[in-house]
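Please look over the sequence and the model shown below before reading on.

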Amino acid sequence: MHILMCNDDGILAGGLRNLADYLGQFYRITVVAPAVEQSAKSHALTTENPLKLDAYNGEDENPRLYALTGTPSDCMKFGLSYLLTDDIPDLVVSGINHGFNLGSDVLYSGTVSAAMESCFYGIPGLVLSVERYSTERAEEMHPFIHDLIEKIYVSGQFPGLLNVNFPLRGVCDWDHFKIVSQGLQTYSNIIDARINSRGQDYYWLAGELDYGAEAVPTDVEYARKGYITAVALTWKQQSDSDMEAVQKILYKK
């Protein structure tokens, strides 16, 4: 199996590099990742500046490492539309991200967006995030991630995209794994207004997470309970129920 890997923390991030090394024991790995951190860039593309690609090691290395001066989505489009057109990967893996990518926050995540690019090429995708990354936690996660890939993507032939989040600590096994719905992440005090030494106003985009229970089990809820959560995602944002509601408004008899 050939796996294309990316992230939004950048090519030097331990979450990406350590997982690539680990999975390289079992699969052929190509990494195309941002040259610098690109967190919260969502699906942004670089269209006003040229991109530069740097090869970090030799062609015969596994994992094969490339850094691109662009966003996570740039990296995936570059890899799937140019670099690997004669060697299309069987799976796209994005992560391991430093920090959760839960609920509605996936809309902002460069890590999630990188993996979602796989949907446009008919390739399965996997997003991996942990509440806080450490090499110790990674060593606990890696064997389970390998088992997940084998069970869901290799044996199960799952064709879609999974967003998987690991808690800060706890056992990494199937008894602690939950397939749940995507939750809502809401924040308060989003704008942190300050004044600098010259009396000028400036602002930080911040926010404090508010949590409210929802009608169905969600990734936001079960991550708080210490479970590994998984949500199946797609790029399509059409609301079928709202489409029907608008049609009834416009065409009611």
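How many disulfides does the count come to by the rule used here? The count comes to 0 disulfides, where a disulfide is a pair of cysteine sulfur atoms within 2.5 Å. The sulfur of Cys 6 has its closest cysteine sulfur in Cys 75, and because the two are 4.4 Å apart, they are too far from each other for a bond.

This is a predicted model, in which local features need pLDDT of at least 70 and side-chain atom pairs count only at pLDDT 80 or more, while totals for chains, interfaces and linings use all residues. Residues are numbered from 1 along each chain as its sequence is written, and side-chain values use heavy atoms, with hydrogens and water left out.

**The interior**

Cys 6, at 0% relative accessibility, counts as buried; the term buried means under 20% relative accessible area, exposed means over 50%, and partly exposed lies in between, with a 1.4 Å probe and protein chains only. Cys 172 is also buried, with a relative accessible area of 16%.

In soluble globular proteins, nonpolar side chains tend to be buried together. A nonpolar core is here a set of buried Ala, Val, Leu, Ile, Met, Phe, Trp, Tyr and Cys residues joined through side-chain atoms within 4.5 Å. The largest such core has 36 residues, of which Met 5, Val 31, Leu 126, Leu 128, Val 164 and Phe 166 touch the most other members. Helix 4 (residues 135-155) supplies the largest share of this core, 8 residues; helices (H or I, at least four residues) and strands (E, at least two) are DSSP runs, numbered from the N terminus. A second, separate core of 23 residues includes Leu 68, Met 116, Val 127 and Leu 161.

Contact means heavy atoms within 4.5 Å, and when residues up to four places away in sequence are not counted, Val 31 touches Met 5, Ile 11, Leu 16, Ala 20, Pro 63, Arg 64, Leu 65 and Tyr 66. In helix 2 (residues 72-83), the buried residues include Pro 72, Cys 75, Met 76 and Phe 78. Among the elements that cover the buried residues of helix 2 are strand 1 (2-6), strand 4 (64-68), strand 5 (91-98) and helix 3.

**Two buried polar residues**

Thr 111 has its place in helix 3 and counts as buried, at 0% relative accessibility. Its side chain is joined to that of Asp 8 by a polar contact of 3.0 Å, a polar contact being a pair of N or O atoms within 3.5 Å, of which, within protein, one must be able to donate a hydrogen and the other to accept it, and residues adjacent in sequence count only if both atoms are side-chain atoms.

Gln 38 is found in the loop between strand 2 (28-34) and strand 3 (53-55), and at 11% relative accessibility Gln 38 counts as buried. Apart from residues up to four places away in sequence, Gln 38 touches Asp 8, Gly 70, Thr 71 and Pro 72. The C-alpha atoms of Gln 38 and Pro 72 are separated by 7.0 Å, although these residues are 34 apart along the chain. The side chain of Gln 38 also makes a polar contact with the side chain of Lys 41, at 2.9 Å.

**Aromatic rings**

Rings of Phe, Tyr and Trp (its six-membered ring) pair if their centres lie within 6.5 Å; planes under 30 degrees apart count as stacked, over 60 as edge-to-face and the rest as tilted. By this rule there are 10 aromatic pairs, and two of them are set out here.

| Ring pair | Centres apart | Planes at | Class |
|---|---|---|---|
| Phe 120 and Trp 235 | 5.9 Å | 50° | tilted |
| Tyr 222 and Tyr 227 | 5.3 Å | 65° | edge-to-face |

The pair of Phe 120 and Trp 235 links distant parts of the chain, 115 residues apart. Tyr 222 is buried, with a relative accessible area of 16%, whereas Tyr 227, at 24% relative accessibility, counts as partly exposed. Ring pairs also link Phe 144, Phe 166, Trp 174 and Phe 177 into a cluster.

**Backbone geometry**

Most residues other than glycine have a negative phi, and most peptide bonds are trans. A cis peptide bond joins Asn 62 and Pro 63, with omega about 10°, and the peptide bond from Gly 95 to Ile 96 is cis, with omega near 10°. Ala 40 has a positive phi near 60° and is exposed, with a relative accessible area of 59%. Asn 189 has a positive phi of about 50°, and Asn 189 is exposed, with a relative accessible area of 53%.
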